[in-house]
Amino acid sequence: MTLEGILPVWKPAGFTSHDVVAKVRRILSIKRIGHTGTLDPQVTGVLPLCIGRATRMVEYIQELPKEYEAVLRIGLSTDTEDITGTVLEEVPLVSLDESQVRKVLESFVGDIEQIPPMFSAVKVDGKRLYELAREGKEVERKARKATIHELEILELNLDQKHPEIRFRAVCSKGTYIRTLCVDIGKVLGYPAVMESLIRTSTGNIRKEQCLTFEQIVQMKEEGSLQQHMIPMDIAISHIPSIALTDQETVHSLQGKKIALAANRVAHADASQTIFRAYSPDERFLGLFEWKSTSHVLVPAKVFL
C-alpha cells in the first residue's frame, strides 16, 4: 500500500528539518516528502511531514499558527540569542517581581515587529544570515511583522541569579521565539537569551500525535503506519468545506470550473477564496478557489 498523508514526526535535538526528511525518506523508501516548517537543530517538537500527494498541502500547513513552550533566561546575552552561543554580556544580579514580568509579557500579545537574528535562514543578497554569521559578519536586517496570538506564563523562577521564565506562545508563521526572548528582556531592562524551546503544535497537529523515528520504523514493519497518518484534508481543516453534487464532482475531477449559486458558499464564509471540496459520498476532491465576481469554483489542487 502506498503511504499518503501527513506524518506527524517528533523531531529530536541535533537534527535539522532537512535531516528529518532525509532520515524518513530512508526509512520509508519514499522520495516525495516535504516538511512544513523549519526547526533549529537544538529545538525539539512537532514537525509534520507531507507524504506523497500530500506534499501539495505544504504551503497551507506552513501558514498555520505554531505553539511553543520556551524557557527564557534573564541576565545574559549571546551572539545566537540562545544559550548555545558565545556570551556577549552578563549582569551580576537581576531584580524582578512577578507583576512586572506579567505586565511585560502581556504587552507582546498582538502584532509585533522582529529583526531576524543573524543565526537564521533568512536570505540577504542571496546568502543566508547564518552563513554570514559563521563568517563573523553582521549585516543590517529589515524588521518583519509577526503575531503573538497567546502568551502564557507557565513557571517563574525569579529568585535565582539569572531568573528563568517558562512560557507558552501561540504565534504566526515566521515568529522567532529567540528574538521574542531577547525583546522581552530588553523591555524588562536586562539582556536575555532563550534557554530551551519545544514546538508543541502546528495548527491542529499536536505533540501527542507525533511519532519518533523508532516508532515509524516499527509501524512500517507492522504495516500499521498509514493508520497513524493524518489525512491531508484533516490537516487543513481550518479551510472551509463545500459539498458538490455528483455532476459537479465529475466536472471537478476533469479540472473544469464549476458554476455555483452564491448562497452555496455563503454558509461557510463569503470572504474565503479557497475551499475544500467533497463529493456526495464525502470523498475529498481537492482545493478550489471561489471567484465571487463570476460565481465559479476554479480548481486549485485536484486529487484524482
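I looked up R166 and found it partly exposed, at a relative accessible area of 29% (buried is under 20%, exposed over 50%, partly exposed in between, with a 1.4 Å probe and protein chains only). This is a predicted model, in which local features need pLDDT of at least 70 and side-chain atom pairs pLDDT 80 or more, while totals for chains, interfaces and linings use all residues. Residues are numbered from 1 along each chain as its sequence is written, and side-chain values use heavy atoms, without hydrogens and water.

I then checked the partners of R166. A salt bridge (a side-chain nitrogen of Lys or Arg within 4 Å of a carboxyl oxygen of Asp or Glu) joins R166 to E155, with the closest N and O atoms 3.4 Å apart. R166 lies in strand 11 and E155 in strand 10, so the pair ties together parts 11 residues apart in sequence. Strands (E, at least two residues) and helices (H or I, at least four) are DSSP runs numbered from the N terminus. E155 is partly exposed at 36% relative accessibility.

I found a salt bridge between R166 and E69 as well, at 3.5 Å. Because E69 sits in strand 4 and R166 in strand 11, this pair links parts 97 residues apart in sequence.

I searched the whole structure and counted 16 salt bridges. One of them joins the side chains of R53 and E4 at 2.8 Å, N to O.

I turned last to helix 5, residues 177-188. I noted that 10 of its 12 residues are buried, among them I177, L180 and L188. Just after helix 5, I recorded a positive phi of about 95° at G189.

Methods. The expected span of a helix is 1.5 Å times one less than its number of residues.
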